[in-house]
Amino acid sequence: DYVNISNCTATGNGGALHINGSVSSTLNHINISNCSAGAGGGIYMSSSGSFTLNSSSISNCSGNGLYLGGAGANTITSCTISGCAAADGAAILIVSTAGSTTVNSSTITGNKGVNNELGGTVRSYGTTVSTATFNNCNIYNNSSPQHGGGFYWNAGGSSKLTINSCN
């Protein structure tokens, strides 16, 4: 069974879900749609704990589908992020921290950067170390009005982006 969360709005962050503090979270079989917020229209994660999202979808959200700003390990597996819009990182915005993000066997499509900003699919920025790895993902039909319709990686330190066997 899936949990459906739709048509939610936050004037701050986390249109559907806002996770903060030092908690670890695992979300399975969640469908989030038509939600909006300043950041993390779908999910806003800013925790030093780990975050896992499995077999879920985030669609048609504004203010990022998924905002990852914590220092923990983030793992997204068998998920779809589609039709989201944001000024930075429409599908996923990674605010560079000491954390890591791994996306496995997921589909990221139809996301759009707006307002002449960066990263239609994924954007990372900051001055500390972060890593992101995308394995066996389908990434297509995403756009940005400036740079990085697919990825805009502008993280500092010894940050690393790895893309393996993605279409």
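Author: Let us start with one pair of side chains. Arg123 and Asp88 meet in a salt bridge, with 2.8 Å from N to O. Arg123 sits in strand S16, while Asp88 sits in the loop between strand S11 (85-86) and S12, so the pair ties together parts that are 35 residues apart in sequence. Keep in mind that this is a predicted model. How many salt bridges does the structure hold? It holds one. Are Arg123 and Asp88 buried or exposed? Both Arg123 and Asp88 are buried.

Now follow Arg123 into its strand. S16 covers residues 122-126 and pairs with S12 in the parallel sense, over four bridges. Arg123 has a part in this pairing too: Arg123 in S16 is the bridge partner of Leu93.

That brings us to S12, which covers residues 92-95. Look at where its side chains go. Ile92 and Ile94 point one way from the strand. Leu93 and Val95 point the other way. In a regular strand, side chains alternate between the two faces of the sheet. All four of these S12 residues, Ile92, Leu93, Ile94 and Val95, are buried.

S12 also pairs with strand S8 (residues 66-68), again in the parallel sense, over three bridges. Here Leu66 has Ile92 of S12 as its bridge partner. So much for that part.

Next, turn to another sheet. This one is open and has six strands, in the order S3-S6-S9-S13-S17-S20, with parallel pairing. Its edge strands are S3 (25-28) and S20 (160-164), each of which pairs on one side only. On average, neighbouring strands of this sheet are turned by 5° against each other, direction ignored.

Take one pairing from inside that order. Strand S9 (residues 73-77) and strand S13 (residues 100-104) pair in the parallel sense over five bridges. Within this pairing, Ala73 stands opposite Ser100 in S13.

Leu53 lies in strand S6, which covers residues 51-54. Why does Leu53 count as buried? Its relative accessibility is 2%, and the cut-off for buried is under 20%. Which residues does Leu53 touch, once neighbours within four places in sequence are left aside? Leu53 is in contact with Leu27, Ile43, Ile58, Thr75, Ile76, Thr77 and Cys79. For a sense of distance, compare Leu53 with Asn20. They are 33 residues apart in sequence and 15 Å apart in space, C-alpha to C-alpha.

Finally, step back to the whole protein. Its secondary structure comes to zero helices and 20 strands. Buried residues make up 50% of the 167 residues. The protein exposes about 6,800 Å², and carbon and sulfur atoms supply 43% of that area.

What about overall shape? The C-alpha trace spans about 40 × 35 × 30 Å along its principal axes. A compact globule with 167 residues would have a radius of gyration near 15 Å. The protein has 14 Å, which agrees.

Conventions:
Residues numbered from 1 in each chain as written. Predicted model: local features only at pLDDT ≥ 70, side-chain atom pairs only at ≥ 80, totals over all residues. Heavy atoms only, no water. Helix = DSSP H or I, 4+ residues; strand = E, 2+ residues; numbered from the N terminus. Buried < 20%, exposed > 50% of the residue type's maximum accessible area, 1.4 Å probe, protein only. Contact = heavy atoms within 4.5 Å. Rg over C-alpha atoms; globule rule 2.2 N^0.38 Å. Areas by Shrake-Rupley, 256 points an atom, 1.4 Å probe, with all protein chains shown as cover. Pairing = 2+ DSSP bridges. Axes fitted to C-alpha atoms, helices over the stretch in contact; angles between N-to-C directions. Salt bridge = Lys/Arg side-chain N within 4 Å of Asp/Glu carboxyl O.
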